[in-house]
Each structure stands twice: as C-alpha cells, then as structure tokens.
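Visitor: I am new here. Please walk me through this structure, and tell me how you know what you say.

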Protein chains: 2
Amino acid sequence: MAASGKTIERLSVYRRLLSMRTFSEEDYVYSHELARMVSGTAAQVRRDLMAIGVTGHSKRGYRIGPLVEEIGTLLDDPEGTRIVLVGAGDLGRAVLGFMKGRSSALTIVGAFDSDPAKAGRVVHGYRCRSMDEIEGVIAAERAQVAILATPADGAQEVCDRLVEAGVRGIVNFAPAPLIVPEAVWVERVDIATALEKVACLIRGVDETTM
Amino acid sequence: MAASGKTIERLSVYRRLLSMRTFSEEDYVYSHELARMVSGTAAQVRRDLMAIGVTGHSKRGYRIGPLVEEIGTLLDDPEGTRIVLVGAGDLGRAVLGFMKGRSSALTIVGAFDSDPAKAGRVVHGYRCRSMDEIEGVIAAERAQVAILATPADGAQEVCDRLVEAGVRGIVNFAPAPLIVPEAVWVERVDIATALEKVACLIRGVDETTM
DNA sequence: TGTGTGTTGTGACTTCTTTCACAAAAAGGT
DNA sequence: ACCTTTTTGTGAAAGAAGTCACAACACACA
Ligand SMILES: NC(=O)c1ccc[n+]([C@@H]2O[C@H](COP(=O)([O-])OP(=O)(O)OC[C@H]3O[C@@H](n4cnc5c(N)ncnc54)[C@H](O)[C@@H]3O)[C@@H](O)[C@H]2O)c1
Ligand SMILES: NC(=O)c1ccc[n+]([C@@H]2O[C@H](COP(=O)([O-])OP(=O)(O)OC[C@H]3O[C@@H](n4cnc5c(N)ncnc54)[C@H](O)[C@@H]3O)[C@@H](O)[C@H]2O)c1
C-alpha cells in the first residue's frame with residue numbers, strides 16, 4: 001500500500017490519460033497499453049497498480065472505472081486540496097488557465113501578486129489579490145499547497161510567509177533554492193533544467209540511456 | 001565520466017544557483033553549501049561533481065569558476081542547441097519570456113502557432129510564425145529540440161511533424177502520451193502531476209519519506 | 001473437454017542511486 | 001613542528017527502482 005514518489009507520479013499520469021478519453025462501465029485496459037502511453041514497461045505498470053492494491057483480470061486487463069477511482073483514493077485528499085498561487089505574471093496566468101474548469105480535487109482558492117497594478121485584475125476567472133491578504137486567505141480557506149511563480153528574487157521571503165501561514169507543500173517555479181522546515185514539501189518544476197537535460201541527452205544517446 | 005539523468009538534473013541546478021550570484025575568480029563553494037541549496041546531502045554533491053571529473057580542495061571546497069565551466073562542457077552542446085517552440089498560448093508566452101535574454105547555449109530559433117490570428121504577432125521579442133514554415137525553419141536552423149506547448153489534442157500530430165523534420169528531443173507540456181521513435185527523447189513537464197504529488201505527499205509524511 | 005493464446009501477479013534478480021564512513025589533505029593556531 | 005579542525009575523495013554497504021521470467025488463470029475455439 002505504500003507508494004513511492006515515482007509510483008505516485010506515474011499513477012497521476014495513468015489517471016489523466018485514462019480520464020481524457022471517455023470510457024464506459026465495462027471498459028478494460030491492458031498493462032501494456034498504459035505502458036506504451038507513458039513509454040514504460042508493462043511489468044512496471046503492473047507493479048504500480050499492485051502498489052495501490054488494484055487487481056486485474058487475466059486476458060482482459062484492468063477495469064478502468066475502479067482503477068481510476070482507486071488512484072483517486074491514493075492521490076486525492078477526500079477533503080480537497082486548496083491551493084494559492086503567488087505571482088500572477090505570464091507563468092501564473094498559464095497555470096490559472098490550466099487549472100480553470102478542471103473539476104478535480106485541486107482548487108485554486110486565491111491568486112496573489114505584489115504588483116499593485118495587478119491587484120483586482122481578473123485572470124482566467126480568478127481575481128488577483130494583494131499580498132496583504134494572503135495570510136488571511138490561507139487561514140480562512142485552510143490552503144495546504146502553494147504555487148510559487150514569482151521571480152527568484154524574493155521567492156524565499158514569499159516562501160517563508162507561506163510556510164508561516166500554514167502551507168505544507170509548495171510547487172516552486174522560481175529558480176531559487178527555497179529553504180524550508182522539514183515538514184514542508186517542495187516540488188521544483190524547472191523548465192531550464194528540462195531543456196538542458198534534453199539537450200544533453202540527445203547527444204550521446206549510446207551511453208547513459210536514461 | 002558517464003553522468004546519469006539524475007546527476008545531469010542536479011548539475012544543471014548547481015550551475016544555475018551558482019551563476020545567479022556573481023563570484024570572483026577565487027571564490028570557492030563547499031559541497032555542503034550546494035547540498036543545502038538543493039536540499040540534498042554533501043556526499044551526493046561530491047559524487048555528482050566526481051562524475052564530471054571536477055576536483056576540489058580539502059578545507060576550501062570547489063573553485064566556482066572551473067566548476068561552472070566544467071558543468072558547461074557536459075551540459076552544453078559546443079555548437080549550441082537550437083529550439084523551436086510550438087504553441088504560443090499562455091504557456092508558450094511564459095516560456096518565451098523566460099528564455100528571453102538568457103545568454104546561454106539554448107536559443108529559441110522560432111515560435112509557431114496554428115492560430116492564424118497569432119501569426120506575425122511578436123511575443124516577448126519573438127515573432128510568431130505559421131505552422132507551414134516549421135519544417136523549413138527546423139531544417140534551416142538545424143533545430144534539435146522542440147518545446148511542445150499546444151493543447152493535448154493534436155499534440156501527437158505536431159510531434160510527428162517535428163520528428164519527421166529532424167527534431168531529436170522534445171520538452172512536452174501537453175498532457176498527451178506522445179509516441180516517438182526510440183532515437184527521440186521526450187521530457188514531460190507536468191504541472192498537474194507536480195500538484196497531485198505534493199498534495200498526496202503532504203498527507204502521510206510519516207511513511208514514504210520520498 | 002482439451003489445446004492454444006495472451007495476460008496478470010509476483011518472487012527473484014539486476015541495475016541504478018544514495019548514504020555511510022573514514023583515510024588523506026589542507027589550513028590555522030600555538 | 002605538532003595538534004586540531006574541517007573538508008574532500010571514494011570504497012563499500014544499503015536502499016530504491018526496474019526488469020525478468022514464469023506459474024496461474026481466463027478465454028476462444030474446436
Ligand atoms: N516562464 C517560464 O517558462 C518559467 C520557467 C521556469 C521558471 N520560471 C520562473 O517563474 C517565475 C515567474 O515567471 P513569469 O514568466 O511569470 O515572470 P513574470 O515576470 O511575468 O511574472 C512574475 C510576477 O510575480 C510578481 N511578483 C514579483 N515579486 C513578487 C513577490 N515578492 N510577491 C508576489 N508577487 C511577486 C510580479 O508582479 C509578476 O506579476 C520566474 O521566477 C521565472 O524564472 C518561469
Ligand atoms: N498552463 C499550464 O500551466 C500548463 C500546465 C501543464 C500543461 N499545460 C498544457 O500546455 C498546453 C498549452 O497550455 P496553454 O495554457 O498555453 O494553452 P493555450 O490554449 O493558452 O495555448 C495553446 C496554443 O496552442 C495553439 N495551438 C493549438 N493547436 C495547435 C497545433 N496543432 N499546432 C500549433 N499550435 C496549436 C493555440 O492556437 C494556442 O495559441 C496545453 O496542453 C496545456 O494542457 C499547461
């Protein structure tokens with residue numbers, strides 16, 4: 001029942017890929033089909049599904065409905081996850097557009113920016129608020145997670161405020177170190193690193209095939 | 001000398017963190033300082049640096065200048081990496097803004113969008129072009145890498161064109177499977193997965209401390 | 001009923017990654 | 001000159017992740 005970080009990531013992807021196409025009550029999927037979608041192996045998919053106790057049928061595969069539901073019981077907080085976004089620049093706008101209209105366990109409960117010109121503006125349906133309000137909103141909404149999309153300068157300071165206000169997980173887009181207490185989880189999303197990795201790996205495909 | 005994917009990612013981060021602050025010819029950094037910045041361990045940092053043959057000094061640490069340079073010889077293609085961006089929506093704009101003005105081994109050589117209304121528009125200094133031109137630009141510029149920032153629908157089709165035109169690495173933001181030949185490297189960047197992972201991990205911190 | 005085919009579930013194995021732990025090196029003080 | 005402190009470099013151990021291989025099962029069709 002204990003799923004590792006890697007498994008959690010893949011389960012999230014399986015679910016999204018399955019949810020994208022409509023399926024009926026009696027649709028099944030094979031481990032090798034999921035594997036192909038994520039460029040993995042069938043054995044790995046079966047291990048992942050084993051980790052959350054999902055069981056399939058020989059010769060038919062896994063029933064999609066229960067599979068999606070079971071992934072949900074692992075990934076989704078039954079009380080919902082409430083998220084604040086800090087930094088309503090280009091990237092913040094993209095994230096808001098992306099989150100908009102997803103009926104899911106993840107809800108944006110506030111978008112914040114330090115720029116007074118941004119306060120009050122509505123971005124993709126979310127009203128941008130002043131940073132002064134952020135502690136209040138986090139407390140009132142009991143937000144557990146923050147998306148940090150400010151420039152690197154000042155990211156640590158914003159981070160400290162978020163943690164102090166009760167946030168326990170941060171998705172960090174800023175290319176800054178972010179020092180946090182142990183109880184807080186930081187997930188770095190780094191486009192520059194992704195590009196550099198790809199650029200590096202496509203040279204020398206022979207060695208380091210990973 | 002063979003660096004794994006994980007090591008490459010961390011080296012990229014070390015370099016960026018070091019490059020952010022100015023340093024003089026004789027500045028040194030300790031493995032534990034780098035470790036703190038990436039929430040890792042000193043031993044791991046030393047292993048990473050060992051992988052690229054960088055050597056430090058007892059009691060003084062690693063000389064920053066040569067370290068940054070040596071990371072560069074691993075990560076950077078000496079001929080430069082030329083990148084095309086497909087999908088000049090919110091996310092594409094954010095990426096263009098992010099890439100703009102970085103004097104680095106990574107260069108955006110074209111931005112493309114299927115929306116005729118977008119063609120000709122200039123985004124963060126990059127002129128958005130019609131999809132008709134993409135094969136020509138990839139060939140003329142010898143672009144090796146693409147950033148895919150279109151909706152999931154049609155992502156596979158765009159991907160096929162990119163691969164056919166000669167692209168060998170793709171950073172994929174679209175929540176779509178992307179089936180590619182073995183010789184092409186796809187790096188998925190997935191905000192939804194990052195959020196779900198954080199949301200999942202901050203519950204149950206006791207178990208699965210990874 | 002029996003045979004053939006294709007898939008799951010999983011123990012065992014392999015490979016990759018991280019951590020541990022300590023000798024050796026360098027610097028500073030006395 | 002010697003001792004103390006701090007840090008590197010790395011072999012060895014531990015741990016995590018991924019792969020293999022195959023028994024067990026389910027279905028199809030004769
Ligand atoms: N755009 C990308 O693809 C990309 C990729 C990786 C990382 N990033 C990073 O994400 C961050 C945001 O990128 P962007 O393109 O949206 O930049 P941006 O300049 O368009 O937006 C930044 C926003 O943050 C606000 N801000 C600045 N300081 C703040 C503070 N202390 N508190 C609250 N809000 C503050 C600004 O007012 C602005 O609206 C940057 O750190 C960037 O390096 C961006
Ligand atoms: N915004 C985010 O934070 C985020 C996060 C994860 C994934 N994504 C994904 O990134 C993609 C882009 O997001 P966005 O917010 O920029 O969306 P968007 O709708 O703002 O932009 C998409 C752009 O792609 C263009 N486009 C559509 N089909 C195309 C095609 N076949 N060829 C070329 N261009 C095409 C559209 O004209 C539009 O300009 C989406 O797949 C989204 O799911 C976004």
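**Salt bridges, burial and the contact**

Guide: Start with a pair. B:Arg15 and B:Asp76 join their side chains in a salt bridge, N to O 2.7 Å. The pair links distant parts of the chain, with B:Arg15 in helix α1 of chain B and B:Asp76 in the loop between α4 (64-75) and β3 (81-86) of chain B, 61 residues apart. Helices (H or I, at least four residues) and strands (E, at least two) are DSSP runs, numbered from the N terminus. This is a predicted model, where local features need pLDDT of at least 70, side-chain atom pairs count only at pLDDT 80 or more, and totals for chains, interfaces and linings use all residues. Residues are numbered from 1 along each chain as its sequence is written, chains are lettered from A and ligands numbered from 1 in the order in which they are written, and side-chain values use heavy atoms, with hydrogens and water left out.

Visitor: Why is the pair of B:Arg15 and B:Asp76 called a salt bridge?

Guide: The term asks for a side-chain nitrogen of Lys or Arg within 4 Å of a carboxyl oxygen of Asp or Glu. B:Arg15 and B:Asp76 come to 2.7 Å, N to O, so the pair qualifies. Side chains of opposite charge can pair when their charged atoms come close.

Visitor: Which residue of chain A does B:Arg15 meet in a salt bridge?

Guide: A:Glu196. The distance is 2.9 Å, N to O. Between chain B and chain A, the count is eight salt bridges. Over all chains, the count is 21.

Visitor: What makes B:Lys197 buried?

Guide: B:Lys197 has 9% relative accessibility, so it counts as buried. B:Lys197 touches A:Gly5, A:Ile8, A:Glu9 and A:Glu187, leaving aside residues up to four places away in sequence. Contact here means heavy atoms within 4.5 Å.

Visitor: How many residues does each chain give to the contact?

Guide: Chain B gives 66 residues and chain A gives 66 residues. The chains bury about 6,000 Å² between them, 69% of it on carbon and sulfur atoms. Buried area is the accessible area (1.4 Å probe) that two parts lose on being put together, summed over both.

Visitor: Which residues of α2 in chain A are buried?

Guide: Helix α2 (residues 31-38) of chain A has A:Ser31, A:Leu34, A:Ala35 and A:Met37 as its buried residues.

Visitor: Why do you say that the buried residues of α2(A) line one face?

Guide: Seen down the axis of α2(A), its buried residues fall within an arc of 160°, so they line one face of the helix. The arc is that of the directions from the helix axis to the C-beta atoms. Among the elements that cover these residues are α1 (5-20) of chain A and β9 (185-188) of chain B. A:Ser39 follows α2(A), and its phi is positive, near 55°.

Visitor: What makes A:Lys100 partly exposed?

Guide: A:Lys100 has 48% relative accessibility, so it counts as partly exposed. A:Lys100 sits in the loop between α5 (90-99) and β4 (106-113) of chain A. A:Lys100 touches A:His124, A:Gly125 and A:Tyr126, not counting residues up to four places away in sequence.

Visitor: Why is B:Ser24 called partly exposed?

Guide: B:Ser24 has a relative accessible area of 40%, so it is partly exposed. B:Ser24 is in the loop between α1 (5-20) and β1 (28-29) of chain B.

Terms used
Buried < 20%, exposed > 50% of the residue type's maximum accessible area, 1.4 Å probe, protein only.
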